[in-house]
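Here is a short briefing for a reader meeting this structure for the first time. Please look over the sequence and the model, then read on.

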Amino acid sequence: MRLAIFGGTGGTGLELTRQALETGHSVRVLVRNPNRMPLTNANMRLVLGNVLDRESVNKTLLGSDAVLSCLGQRKLLSNTRVVSAGTKLIMEVMKAQGLRRLVVESAFGAGESLGVATAIERMVFATLLWAPYQDKNLMEPEVKASGLEWTILRPTRLTNGALTGRYAVTTGRPATSKVARADVAAAMLRAVEERLWIGEAPAITGM
């Protein structure tokens, strides 16, 4: 497949890019700084630009079969809205190009999944992590209302553990509190390869 990846130099995005290339897919990755991309591959093309710039997004999406977003914001004290604004622009350009399939990484505790979070988790989401969660909570409803073939995956606490291939995707309360970024990337890739979880926003956690 021809895949467009956003947030490809972040933790999950880098794993996603690596796994996509190892599987034989052709990949376009939007990067602000090409020096942050440690991977080299004949099937990977880097597009230099910004997710808030329409032409950059247009070049990244051109000719793609599916779009995968691992956008995130690093600031905890101010909402930069890079996730919500960036995803909104991605979807606008997708529609202009006639693209349909979108898989987005969000977080457990965003949207209606907050209802099955513990009291301690809800407190952390509302205080220490309020800015990134506010951004994701702005993003998710727009994805759901987009009319695209969307999937939102909500990982629990992310770790840098090795790929295990053992993870659970659930709409209920996750059985464990953490999951490896590599396993989240594997699930995102499966979502486009096997057309899984379309129109769904499940949590993903380790086993």
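Which residues of helix α2 (residues 54-61) are buried? They are Ser 56, Val 57, Thr 60 and Leu 61. Keep in mind that this is a predicted model.

**Helix α2**
- Seen down the axis of α2, the buried residues fall within an arc of 125°, so they line one face of the helix.
- An α-helix has 3.6 residues a turn, so residues three or four places apart point the same way.
- The cover over the buried residues of α2 includes β1, β2, β3 (44-48), β4 and α3 (82-97).
- Gly 63 follows α2, and its phi is positive, near 80°.

**Nonpolar cores**
- The largest nonpolar core holds 30 residues. Leu 3, Leu 16, Val 29, Leu 68, Met 188 and Val 192 have the most contacts inside it.
- Two or more residues of this core come from each of β1 (2-6), α1 (11-23), β2 (26-31), β4 (66-69) and α6 (181-193).
- Helix α6 gives the largest share, eight residues.
- Leaving aside residues up to four places away in sequence, Leu 68 touches Leu 3, Ala 4, Ile 5, Phe 6, Leu 16, Val 103, Met 188, Leu 189 and Val 192.
- A second, separate core has 24 residues, among them Met 91, Leu 102, Leu 148 and Ala 201.

**Surface patch**
- Leu 76, Leu 77 and Trp 130 make a nonpolar surface patch of about 320 Å².
- Trp 130 lies in helix α5 (residues 130-144).
- Trp 130 counts as partly exposed because its relative accessibility is 31%, between the cut-offs of 20% and 50%.

Definitions and conventions: Residues numbered from 1 in each chain as written. Predicted model: local features only at pLDDT ≥ 70, side-chain atom pairs only at ≥ 80, totals over all residues. Heavy atoms only, no water. Core = buried A, V, L, I, M, F, W, Y, C linked by side-chain atoms within 4.5 Å. Buried < 20%, exposed > 50% of the residue type's maximum accessible area, 1.4 Å probe, protein only. Helix = DSSP H or I, 4+ residues; strand = E, 2+ residues; numbered from the N terminus. Contact = heavy atoms within 4.5 Å. Arc of directions from axis to C-beta. Patch = residues over 30% accessible without salt bridge, like charges linked within 9 Å, V, L, I, M, F, W, Y side chains within 5 Å. Areas by Shrake-Rupley, 256 points an atom, 1.4 Å probe, with all protein chains shown as cover. Salt bridge = Lys/Arg side-chain N within 4 Å of Asp/Glu carboxyl O.
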